[in-house]
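Please read the following report alongside the sequence and the coordinates.

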Amino acid sequence: MAAMVETMFSVREKPWHGLGEIIQDAPTSEDALRLAGLDWNVIQEPILTKHNEMIPGYRANIRDKDRWVLGVVTDRYKVVQNSEAFAFTDALLENGVKYETAGSLQDGRKTWMLARLPHQYIINGDEVSPYLVFMNSHDGSSSIKCAVTPIRVVCNNTLNLALRTAKRTWSCMHTGDISDKMLEARDTLFHASEYMAELGKSFDQLNRIKLTDQKVMEYIEMLIPEPDKATDTQKKNIRRLREDLKMRYFDAPDLAGVSKGGYRFVNAVSDFATHSRPIRERGNFKESLFSKTIDGNPMIDKAYQMVMAA
C-alpha cells in the first residue's frame with residue numbers, strides 16, 4: 001500500500017496544471033507576451049443586424065490577428081490590452097520577481113501571466129513559495145485580477161486561504177478611469193508580503209489545533225456530503241471521494257512528519273481539491289482548477305474555517 005501511495009503522490013504538478021507557455025527567460029512583460037503568443041491587440045467594432053442596422057449600446061471585442069470574436073460588451077467597457085494589463089509587473093522585476101508562465105484560457109477570452117516572488121518562506125518547517133498571478137479578460141465576464149498564490153514546495157499544494165486580516169487579491173473593472181486603477185496594482189508586492197506574514201500566523205494557529213481521527217472523518221463527511229435521496233451510484237462515488245481525501249490526510253508521504261491536526265488537514269484538503277480527479281472530467285477541468293487558484297478554492301476555505309472554529 002505504501003508504494004502505491006508513494007507513486008500516486010509523486011506525480012502531483014503545480015496548480016496551473018501545465019497550462020500556458022514557459023517564459024522564464026523573459027526579462028520584460030513584452031518579451032513574456034511574445035513568448036506566450038499573447039502579443040496581439042483587441043479592437044472594438046459595432047454590432048450590426050442582418051439588415052445592416054447598428055445595435056446601440058454594444059460592441060464586439062475582436063482579436064486583431066485573426067478576427068476572432070472574444071466577446072460582446074457594453075459601450076462603457078474599456079479595453080485593456082495585454083501589454084497594458086501586464087506592463088506594471090515590469091516594475092516589480094526590480095525587486096527580483098521573475099516571470100514563469102503565461103497563456104490564455106477560453107480561446108483568448110482570458111489571458112494570464114504568473115510571476116514568482118524572490119522570497120522563500122519557511123512556515124511550520126515547510127518551504128513555501130509565493131507567486132503572483134495576473135489575469136485580464138476580454139469578454140466582459142470578469143475584471144482584471146491579481147492574486148497572491150502560495151505553494152507548499154514539497155507537494156505543490158496551494159495554500160491561498162481567504163484571511164480576514166490580509167488581502168490576497170486585487171481587481172478592477174473595465175470601466176471608468178482604467179489608468180488610475182492600474183496604478184493601484186503597483187502596491188501588489190506590498191500586499192503579497194503582508195499576506196504571507198498573516199498566512200504564517202494562521203499556520204501557527206492551525207498547527208496548534210489537534211484533531212482526533214474521528215473528528216477528521218466528521219470533517220470529511222461535511223466537506224463531501226451525501227445528497228438527499230442519493231442513488232446507489234451517487235453513494236458509491238461519494239464513498240470513493242471520501243476515501244481519496246482520507247488517504248491524503250492519513251497516508252500522504254509529504255505529511256508523514258506533520259502532526260495530526262488542523263495544519264495537516266488543510267494541506268490534505270488542498271491536495272484533494274487541486275490534484276484529485278473528479279468523477280466526471282470535463283474538457284475545461286484544468287482551466288476551472290486554474291481559475292480557483294486565482295479566485296480561491298471554496299473547499300479549502302471551508303476546511304480552514306471549520307478547523308479554526310473547532
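At what angle do helix H7 (residues 213-223) and helix H11 (residues 298-308) pack, and how far apart are their axes? The angle is about 140° and the axes lie 11 Å apart, where axes are lines fitted to C-alpha atoms over the stretch in contact and angles run from 0 to 180 degrees between N-to-C directions.

## Basis of the model

This is a predicted model, in which local features need pLDDT of at least 70 and side-chain atom pairs count only at pLDDT 80 or more, while totals for chains, interfaces and linings use all residues. Residues are numbered from 1 along each chain as its sequence is written, and side-chain values use heavy atoms, with hydrogens and water left out.

## H7 against H11

The angle given above makes H7 oblique to H11, oblique being what remains once angles under 35 degrees (roughly parallel), over 145 (roughly antiparallel) and 65 to 115 (roughly perpendicular) are set aside. Tyr219, Met222 and Leu223 of H7 meet Met299, Lys302, Ala303, Met306 and Val307 of H11, contact meaning heavy atoms within 4.5 Å. By class, this contact has seven nonpolar, no polar and one charged residues.

## H9 against H11

Helix H9 (residues 262-275) and H11 have axes that come within 9 Å and cross at roughly 165°, and the two helices are therefore roughly antiparallel to each other. On the H9 side the contact includes Phe265, Val266, Val269 and Phe272, and on the H11 side Ile300 and Tyr304 are among the residues involved. The residues of this contact divide into 11 nonpolar, three polar and no charged.

## The cavity

The structure holds one cavity of 30 Å³ or more, a cavity being a set of points on a 1 Å grid over the protein atoms alone where a 1.4 Å probe fits but cannot get out. About 70 Å³ of space lies in the largest cavity, the volume being the space filled by probe spheres set on the points.

Its lining (residues with an atom within 4 Å of a point) includes Cys146, Lys167, Arg168, Trp170 and His191. Strand S9 (144-152), strand S11 (169-172) and helix H6 (188-208) each give two or more residues to the lining of the largest cavity.

How values were computed: On a 1 Å grid over the protein atoms alone, a cavity is a set of points where a 1.4 Å probe fits but cannot get out, and a pocket is an open set with protein on both sides within 12 Å along at least five of seven lines; lining residues have an atom within 4 Å of a point. Helices (H or I, at least four residues) and strands (E, at least two) are DSSP runs, numbered from the N terminus. Ala, Val, Leu, Ile, Met, Phe, Trp, Tyr, Cys and Pro count as nonpolar, Asp, Glu, Lys and Arg as charged, and the others, Gly among them, as polar.
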